[in-house]
Amino acid sequence: MKVTWLPALIAIATLATPALAQLDKKKAAQMLDSIERADTNKDGKTSYAEFKAARQAQFNRTKAKDGNLDLSAMTKSASERKQLLSELDGNDDGKISRAEFVNHKPKAWSRIDGNSDGALSKAEIKTIRARIMG
Ligand SMILES: [Ca+2]
Ligand SMILES: [Ca+2]
């Protein structure tokens, strides 16, 4: 199965940087889609708990035989793998474990969360989407 979700994670992480103009819009949009889809109780917003549950499921689908995230299956780009590691590899062992993947909160989360209630509403996602798509 082709995983397009994780590169999108990289894109969203870069939302916090001034390089917004260089952002891969398609990947960022995919990430926002995946956040919206993670609203499993359909209350119109994705809580961090819902997001973590979605990541748990994602990890289960993509992990390598050694129990860590299969980075080579995620992206062919060495620079993207490097970005992923710098974003997610908390203990710097060159691997992304289940705990590191599931418990990591994207840097952009608080940026998207306009009213700081800890959840990302459809409206908040829409605002960010508009900013990205410019
Ligand atoms: Ca929800
Ligand atoms: Ca919010």
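**Helices and loops**

A: Start with α2: Lys27, Ala28, Met31, Leu32, Ser34 and Ile35 are its buried residues. The model is a predicted one.

Q: How are the buried residues of α2 placed, seen down the axis?
A: They fall within an arc of 160 degrees, so they line one face of the helix.

Q: And what should α2 span, at 1.5 Å a residue?
A: The 13 residues should span 18 Å, and the end C-alpha atoms of α2 are 18 Å apart, which agrees.

Q: OK, step back. How many helices and strands does the protein chain have?
A: The protein chain has eight helices and two strands. Read from the N terminus, the order is α-α-β-α-α-α-α-α-β-α.

Q: How much of the protein chain counts as buried?
A: Of its 134 residues, 30%.

Q: What share of the contacts comes from residues 24 or more positions apart?
A: Such pairs make up 54% of the contacts in the protein chain with a separation of 6 or more.

Q: Back to α2. How do the axes of α2 and α8 cross?
A: They cross at roughly 175 degrees and come within 10 Å, with α8 covering residues 122-133. An angle over 145 degrees counts as roughly antiparallel, and α2 and α8 are therefore roughly antiparallel to each other.

Q: Which residues make that contact?
A: On the α2 side, Lys25, Ala28, Ala29, Leu32, Ile35 and Glu36. On the α8 side, Lys122, Ile125, Ile128, Arg129, Ile132 and Met133.

Q: Now α3. Which of its residues are buried?
A: Phe51, Arg55 and Phe59. These residues cover an arc of only 80 degrees around the axis, which puts them on the same side of α3.

Q: What do the buried residues of α3 pack against?
A: They pack against α2 (25-37), β1 (45-46) and α6 (98-103).

Q: Which exposed residues are on the face turned away from the buried side of α3?
A: That face carries Gln56, Ala57, Asn60 and Arg61.

Q: How far does α3 reach from its first C-alpha to its last?
A: It reaches 21 Å over 15 residues, 48-62, close to the 21 Å expected at 1.5 Å a residue.

Q: Change of topic, loops. Where does glycine 114 lie?
A: Glycine 114 is in the loop between α7 (109-112) and β2 (120-121). It is partly exposed, with 14 other C-beta atoms within 10 Å.

Q: What is glycine 114 in contact with, leaving aside its neighbours within four places in sequence?
A: Glu124 and Thr127. Isoleucine 125 is eleven residues from glycine 114 in sequence, and the C-alpha to C-alpha distance is 9.2 Å. Isoleucine 125 is also one of the α8 residues in the contact with α2.

Q: What about aspartate 92, what is its phi?
A: Positive, about 55 degrees, although aspartate 92 is not a glycine. This residue lies in the loop between α5 (78-88) and α6.

Q: Is aspartate 92 buried or exposed?
A: Exposed, with 8 other C-beta atoms within 10 Å.

Methods
Residues are numbered from 1 along each chain as its sequence is written. Chains are lettered from A and ligands numbered from 1 in the order in which they are written. This is a predicted model: local features need pLDDT of at least 70, side-chain atom pairs count only at pLDDT 80 or more; totals for chains, interfaces and linings use all residues. Helices (H or I, at least four residues) and strands (E, at least two) are DSSP runs, numbered from the N terminus. The expected span of a helix is 1.5 Å times one less than its number of residues. A residue is buried if 20 or more other C-beta atoms lie within 10 Å of its own, exposed if 12 or fewer, and partly exposed in between; C-beta atoms are placed from the backbone. The arc is that of the directions from the helix axis to the C-beta atoms. Two residues are in contact if their C-beta atoms, placed from the backbone, lie within 7 Å. Axes are lines fitted to C-alpha atoms, for helices over the stretch in contact, and angles run from 0 to 180 degrees between N-to-C directions. Angles under 35 degrees count as roughly parallel, over 145 as roughly antiparallel, 65 to 115 as roughly perpendicular and the rest as oblique.
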